[in-house]
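I opened the model to look up how one chain is built and how it meets its partner. My entries follow the order in which I checked things.

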Amino acid sequence: MTVTQILFGFLSALALIGALLVVISKNAVHSVMWLIVVFFAISGHYIMLNAQFIGIVNLIVYAGAIMVLFLFVIMLMNLNATTEPQKNKWLKMAGVVAGGCLLLVLVAALKNAEVRGNIAQTKDGDIGLIENLGKALFTEFVVPFEISSVLFLSAMVGAAVIGKKGD
Amino acid sequence: MQIEYYIYLSIALFCIGVVGVLTRRNAIIIFMCIELMLNAANLLLVAFSKMHHLANQATNANAGIDGQLFVFFIMVVAAAEVSVGLAIIVMMYRNIHSVDVNFLNRLKH
């Protein structure tokens, strides 16, 4: 076992356990905390793939900004585990079975796929560095970049209008 | 690292997100499970971009950079979506004092 494999196994186990606990936790605040663990594990994967810019942006945007927003909203609402109504047991089981079937179908579809055995380059390759990504972003992808700024502005205005009191 | 390990990891994360959306009733948790699915897709995009880069780096030094930029744009759209979605959830909580999605199936109160 090389160091890369050990790191991959550790980060994958962390991500999967965190994801399971996000779904299982009764308390919404605990779910947010476990989701932050998942995001850290996924950022570790990005850094292992030498996609440094995406790894840092994932940490700043997801684990930093979005999760704080979730925590604020949960704490504003004063939710507690006892008042959360539980779904019917059979409906829950049906949901788990449906998800399991999706997992089974996707894994089975990959059994003889020709992409198997290809190597994803870890630790080498410099396309994930800020210099190269920035050059591509401001030459080839400059139109979607500007459009996304308009999207952000409209989202900001929309959030302010929706959240306004006394409509 | 072989690409199929990344594919299996992403499939597992995505399916956990699907199960969460199907089994939970709290609107905020459903939102978090959607974020989980988005992240599974992002991880797969980055892994495939590095695979493509390794296969084609001799002919094109920037091969596979598109995948990482797509991930960047997905993050941008996800951030905008979360801000609007949480505003909608807060407004809904203000009106019906609950975040249970089963109360929302009539789209009015």
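These entries take the fold of one chain and then its contact with the other.

I noted at the outset that this is a predicted model, in which local features need pLDDT of at least 70 and side-chain atom pairs count only at pLDDT 80 or more, while totals for chains, interfaces and linings use all residues. Residues are numbered from 1 along each chain as its sequence is written, chains are lettered from A and ligands numbered from 1 in the order in which they are written, and side-chain values use heavy atoms, with hydrogens and water left out.

**Chain B by itself.** I found three helices and zero strands in chain B, where helices (H or I, at least four residues) and strands (E, at least two) are DSSP runs numbered from the N terminus. The C-alpha trace of chain B spans about 60 × 25 × 15 Å along its principal axes.

**Chain B against chain A.** I looked up the contact (heavy atoms within 4.5 Å) and saw that 74 residues of chain B and 82 residues of chain A take part. Met1(B), Met32(B) and Lys50(B) supply 10% of the area that chain B buries against chain A, more than any other three residues; buried area here is the accessible area (1.4 Å probe) that two parts lose on being put together, summed over both.

I then searched for salt bridges (a side-chain nitrogen of Lys or Arg within 4 Å of a carboxyl oxygen of Asp or Glu) and counted zero between chain B and chain A. On the side of chain B that touches chain A, H3(B) gives the largest share, 25 residues.
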